[in-house]
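I opened this notebook to record what I looked up, one topic at a time. The entries follow below the structure.

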Amino acid sequence: MIVDAFYAAPALLILALGIYTTVVRDTFPATVGFLAYGLLLTVAWVQLHGVDVALTEAAIGGGLTGMLLVRASARLRPIEGQARAETPGLPLRLLAGLVAATVAGALALALLTLPDPAPTLAAEAVANIASTGVGNPITAVLMAYRAMDTLLEATVLLLALIGVWSLTPDRVWGGRPGPRYNADPDGILSFIARVLPPIGIIVGIYIFWVGADHPGGKFQAATIVAAMWLLTLMAGLADAPPIGRRLLRALLVAGPVVFIAVGVAGVPLAGTFLAYPEGWAKPMILVIEFALMPSLALTLGLILAGAPERGAQP
Amino acid sequence: MSGPTLFGLVACALVGVGLYGLIVNPQPLRKILAFNVVGSGVFLLFGVIARRGAAAGMGGDPVPQALLITGIVVAFSATALAITVLLRLFDETGSTTLAPEAPSPSANTGTSQG
């Protein structure tokens, strides 16, 4: 039973880090472990021939989620000891272990008894790709075959931001998210925040553009652009906008609104919601993607920035 | 055993590990973290199933892979919302305990304000 080391090494490291983040005593190392765990999962995704998924995992699953967790753990550190006193006793832990082992075992059993050959839609996806005008079958699924999923996904992101904003205390409603950062203007953070964003923005636009034919796409690209923005915020080079600003809100909804408008236009032009008329698929996909990408970058950045904590004055 | 099957078994184990953490860890932030471990296990398992569907010159079935991208973004949205709720709870009450009788050392900050 010999497994290629390129599979075995990441698999075992992922499992070890997954266990570490769950059982380690302090929360801060657990969240840092989760960041490393996300990056290792990226390796697994590449091994599974899911390069698009690997990019998403690195950017959003590991990167953004990890950053949120690390920041929250730093903020909640003063009450760590209090929470630890509530750790359940041995009987409950044993029972939880039993439940977890049963679920994991049942899943493993299901995995090992999957039908062979596996059902697949790859052939259909490739057969109809010419009508979509894009070269990456995953982009074809996201933007043509199952464009509804992507529309709802963009909407969920916007709803999450509305949810985050709705947790604003009344006294700072309409104000700016997060603290005003004051980094040393000659320090390394300010230096990186000046040098990295031009490179990052170009990488982001590249990943956005090649997404049509190669692994990449708007979500991964929007994350990179949002990360560059957050970097300049944390270095104190820029300030987060007040959430009450009308232009900001218009930019946030512009992407989903264009997406819905193109979808509605499909009803008279192609017979159904989100259908593209013959020969017009690629231009319409581009219109949606160009409208969606800035909205997504802004939404992701503002979700990360969190609920407003101070007034609209800088 | 093939490489993808090994990843699949690791994914099953991760679901178990995360579930254990979700039940046992008393801190809500650790529960959110554990829930993300469960989620990544489910995603990885689905990725292995996508890999098994390799056909037509593709390394994996593109339909589940596209669904995974959507899933990861939605999981992030839910996590971000959960963490913001948690931090607001902390700001309001100075505690994030889920215990019915909060063992609060500073008694008058223990009750919720809304």
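Predicted model: local features only at pLDDT ≥ 70, side-chain atom pairs only at ≥ 80, totals over all residues.

Next I looked up the secondary structure of chain B. I noted 3 helices and 0 strands. Read along the sequence, the pattern of chain B is α-α-α.

I then checked burial. Chain B has 114 residues, and 61% of them count as buried.

How do H1(B) and H2(B) pack? I found an angle of about 160 degrees between them, and their axes lie 8 Å apart. For the contact of H1(B) with H2(B), I wrote down the residues by class: 17 nonpolar, 5 polar and 4 charged.

I moved on to where the two chains meet. How many residues does each chain bring to the contact? Chain A brings 82 residues and chain B brings 72 residues. I asked which helices of chain B supply at least two residues each to the side that touches chain A. I found helix H1 (3-24), helix H2 (28-52) and helix H3 (62-93) of chain B on that list. H3(B) gives the most to the side of chain B that touches chain A, with 23 residues. I sorted the residues of this side of chain B by class and got 47 nonpolar, 20 polar and 5 charged.

I found chain A divided into two parts, with domain 1 covering 1-75 and domain 2 covering 120-310. How far apart do the C-alpha centres of domain 1 and domain 2 of chain A lie? I noted 24 Å for the two domains of chain A. I then looked up the contact between the domains, where 10 residues of domain 1 of chain A meet 10 residues of domain 2 of chain A.

Terms used
Residues numbered from 1 in each chain as written. Chains lettered and ligands numbered in written order. Domains from an automatic or database assignment. Contact = placed C-beta atoms within 7 Å. Helix = DSSP H or I, 4+ residues; strand = E, 2+ residues; numbered from the N terminus. Nonpolar A, V, L, I, M, F, W, Y, C, P; charged D, E, K, R; others polar. Buried ≥ 20, exposed ≤ 12 C-beta atoms within 10 Å, placed from the backbone. Axes fitted to C-alpha atoms, helices over the stretch in contact; angles between N-to-C directions.
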